[in-house]
Amino acid sequence: MTMPTQLTRRAVAAGALAAAVALATGGASAQNRPIEIQMWMGLTGLGGETLVKYGEEFNRMQNEYKVTVSFKGQYPEQRAAAIAAFRAGNPPHIMQMFDAGSGDMMGAKNAIVPVSEVFKRAGLAFNPGDFIAPARGYYGLKDGSLLSMPFNVSTAVLFYNKDAFKKAGLDPNKPPATWPELQKAAQTIRARNAANCGFTTTWLAWIQLEQFGARHNLPLGTQSNGRGGLDSELTFASNPAFVKQVQMLIDMQKDKSFDYKGRSNDASASFQNGECAMITQSSGAMGAYTRDAKFDWGVAPLPYWPDVKGAPYATTVGGASLWVFNAPNRTQAELLGVAKFLDYLRSTPVMIDWAKTTGFLPATNAAFKYLTDEGYYAQNPRAAVAISTLVNGKQGEHTGGYRYGRWTEIRDFYHEEVEKALQGRQTAKEALENAQRRGNAALRAFEKTAVATN
Amino acid sequence: MQRRVVFNDKLLPYLLLAPQLAVTLVFFFWPAGQAIQMSVLSQDPFGQSVTFVGLENFREVLADPDYVASFWRTLFFSAMVAVLALVPALVFAVMAERVIRGAGFYRTILVLPYAIAPAVAGVLWLFMFSPSVGIVAYWLKKLGVDWNPKLDGTDAMALVILAAAWKQISYNFLFFLAGLQSIPRALLEAASIDGASEWKKFWTITFPLLSPTTFFLLVVNIVYAFFDTFGIIDAVTSGGPAKATEVLVYKVYYDGVHALNLGSSSAQSVILMAIVIVLTAIQFRYVERKVHY
């Protein structure tokens with residue numbers, strides 16, 4: 001057993017040598033050591049791996065900074081951890097935060113450095129106009145500056161199973177464009193037993209409330225969906241279109257032409273395994289279905305109600321953006337490193353690679369133009385649906401999203417109340433009124449702490 | 001001359017206790033102290049505005065109908081988990097006691113689930129009962145049962161109760177088995193000689209003599225259902241649908257981590273802390289005295 005001993009001895013010697021060198025060179029080595037930049041993300045799977053890869057590529061390109069991209073749990077857990085780290089005085093430099101968390105971050109003015117400000121302080125050129133307009137509107141201020149940098153952008157679309165359509169005698173090249181058409185198609189699918197469930201949805205609140213609002217240019221609340229001020233009140237329950245949508249789901253649930261399959265992305269498996277013939281879903285699911293769905297499927301824009309005036313409008317952005325944390329001990333050099341890494345992430349080659357690899361939408365106009373000119377969307381018509389609904393759809397006063405604190409919680413109020421309605425324990429109207437009442441209580445509490453902060 | 005090692009008898013006990021005390025202080029007392037401190041403060045998540053509000057958070061929590069509903073739900077959940085974990089465990093223990101050949105094998109099999117982490121146990125059950133891909137859900141559908149724990153609150157509750165109870169059966173089994181082995185043979189033999197049936201012997205001798213063990217396990221199981229089922233619930237239902245499986249400990253997590261409502265979440269933790277202190281006190285006062293080792 002000489003090997004381990006030798007190895008240990010060698011390791012000890014190497015360690016001692018390293019320590020001696022460090023002592024001898026002292027301050028000089030500290031200067032040569034790259035500056036650490038921490039980035040936390042909430043992505044798993046392909047998206048997460050790709051983002052980690054960009055960090056490594058950036059490190060190979062230069063030796064002043066060392067970026068570490070790490071997964072710290074799903075967005076809510078990651079956010080709680082980052083906030084705890086902020087309170088302890090050592091938050092990550094960059095944090096990826098999902099759409100619904102944006103309002104909370106915007107309310108924490110002292111905790112973040114707006115991205116436009118980061119680039120300005122670093123002396124790097126930054127034009128918010130480089131980002132696609134919907135994302136710019138979602139994450140920006142009225143003066144056009146950006147608070148966070150849009151990165152993984154998605155929107156809601158309808159995926160449908162062409163094989164099930166054929167089996168039900170429906171035209172597989174004519175997906176339903178409106179909700180009444182979808183309802184009819186789903187009922188036909190059930191009646192001819194082409195699938196066990198006609199239609200399901202992921203991300204209930206995001207799609208059936210937020211995206212639904214944008215698609216019909218209907219406000220969720222007053223003060224331009226919360227952009228005008230923290231005193232915004234939610235008003236969606238008094239809008240008959242939102243009520244009608246929930247009522248439609250309740251009616252369809254009865255004959256399984258709609259089947260509720262759970263919150264967040266839970267329903268996705270039931271489309272992927274052929275159980276449900278249609279699903280409203282994030283465009284980000286494209287990659288998974290391309291790889292795993294064993295049937296012919298298509299993508300269509302999110303349906304709308306033709307009787308709502310002016311509909312359809314564009315959908316709104318989802319996904320996540322990158323936030324830069326503020327902390328008392330942050331140096332100018334670190335800020336420069338953060339700016340340079342963000343600059344790398346938004347560069348056209350990275351954006352193109354990101355869109356092609358993960359199925360997320362390109363966040364910058366240049367990347368979108370490049371992919372269009374290259375013929376990527378002509379060759380991949382399924383990938384073209386999401387970006388064209390988002391960017392080329394009609395823009396209205398309420399298509400640009402919302403800005404509310406505690407929105408993750410408010411989404412869950414909506415989930416809970418609609419679940420109760422689907423269980424038959426309350427009406428569609430009651431569900432929305434309860435969600436709205438609880439949501440407004442949370443908004444008032446948020447307003448109180450936010451006003452106390454600023 | 002005798003060689004004797006003399007320790008400084010004042011210092012040594014403390015030195016030996018120090019590691020355990022340090023762990024307890026850092027991982028139990030410190031967070032508990034912080035919870036108490038934060039329960040009387042109102043603050044934004046980033047800690048930029050912190051105000052002392054006294055018992056306001058407690059008042060709000062206790063006046064919240066959702067909290068009260070969650071409390072009753074937790075009682076129901078705990079009672080069901082305790083019963084479903086105790087009864088089969090007792091049956092298994094009685095059976096395993098009678099087995100002569102391969103006793104070690106059966107016992108090992110019965111103890112195995114205890115070694116599985118709660119979240120893993122949760123995922124296991126979630127997978128079997130998942131409406132889209134689960135094998136048991138598939139059977140239930142064949143039988144004509146409209147099984148959907150994602151929408152039906154009763155289905156969801158049944159699922160988390162089953163998963164939580166299943167994981168605790170092993171623990172109860174071990175204690176019941178030990179309890180059975182400590183019952184004096186002479187009593188059982190005497191009863192046999194008097195012609196008592198197995199059933200009669202169980203109810204008049206075994207069960208009463210097991211009562212200290214049963215009572216101890218009841219308290220332990222309730223504590224388990226109250227506090228240690230977080231992983232299972234998080235993995236299986238995340239407290240849904242429509243709060244149908246949101247027990248107190250899950251609500252603490254949700255309000256703290258998802259809603260970032262630190263004051264309310266801390267106040268709820270303190271209430272839970274009070275409950276566990278009471279349960280422990282009951283256990284020490286009424287159980288420890290009566291258990292014969």
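**Figure 1. The surroundings of A:Ala277 in a predicted model.** Start with A:Ala277, which touches A:Tyr160, A:Asn161, A:Ala164 and A:Ile189, plus A:Ala194, A:Ala195, A:Gly198 and A:Phe199, leaving aside residues up to four places away in sequence. Keep in mind that everything shown here comes from a predicted model. A:Ala277 is also one of the residues with the most contacts inside the largest nonpolar core, along with A:Val246, A:Met278, A:Val324 and A:Val338. That core runs to 131 residues. It draws at least three residues from each of two domains of chain A, namely domain 1 (34-154 + 318-374) and domain 2 (156-315 + 404-453). Another core, of 53 residues, lies apart from it, and includes B:Val61, B:Val81, B:Ala137 and B:Phe226. As a bit of background, nonpolar side chains tend to be buried together in soluble globular proteins.

**Figure 2. Where domain 1 of chain A meets domain 2 of chain A.** On the domain 1 side, helix H5 (102-107) and strand E10 (318-325) of chain A each put in at least two residues. H5(A) has the largest share of that side, with three residues. Sort the domain 1 side by class and you get six nonpolar residues, eight polar and one charged.

**Figure 3. The contact between chain A and chain B.** Here chain A brings 31 residues and chain B brings 21 residues. Four helices of chain A each supply at least two residues of its side: H4 (75-87), H13 (268-272), H20 (407-422) and H21 (428-453). What is the make-up of the chain A side by class? There are eleven nonpolar, eight polar and twelve charged residues on the side of chain A that touches chain B.

Figure 4. Buried residues account for 50% of the 454 residues in chain A. Looking at contacts in chain A between residues at least 6 apart in sequence, 76% join residues at least 24 apart.

**Figure 5. Helix H11 of chain B.** Ten of the eleven residues of H11(B), residues 248-258, are buried, so the helix is largely enclosed by the rest of the structure. The buried residues are B:Leu248, B:Val249, B:Tyr250, B:Lys251, B:Val252, B:Tyr253, B:Tyr254, B:Asp255, B:Gly256 and B:His258. Just after H11(B) comes B:Leu260, which takes a positive phi of about 55°.

**Figure 6. The loop that holds B:Gly102.** Look for B:Gly102 in the loop between helix H3 (65-98) and helix H4 (103-111) of chain B. Is B:Gly102 buried or exposed? B:Gly102 is exposed, with 10 other C-beta atoms within 10 Å, and a residue counts as exposed at 12 or fewer. B:Ala225 is 123 residues away from B:Gly102 along the chain, and their C-alpha atoms are separated by 32 Å.

How values were computed
Residues are numbered from 1 along each chain as its sequence is written. Chains are lettered from A and ligands numbered from 1 in the order in which they are written. This is a predicted model: local features need pLDDT of at least 70, side-chain atom pairs count only at pLDDT 80 or more; totals for chains, interfaces and linings use all residues. A nonpolar core is a set of buried Ala, Val, Leu, Ile, Met, Phe, Trp, Tyr and Cys residues joined through C-beta atoms within 7 Å. A residue is buried if 20 or more other C-beta atoms lie within 10 Å of its own, exposed if 12 or fewer, and partly exposed in between; C-beta atoms are placed from the backbone. Domain bounds come from an automatic or database domain assignment. Two residues are in contact if their C-beta atoms, placed from the backbone, lie within 7 Å. Ala, Val, Leu, Ile, Met, Phe, Trp, Tyr, Cys and Pro count as nonpolar, Asp, Glu, Lys and Arg as charged, and the others, Gly among them, as polar.
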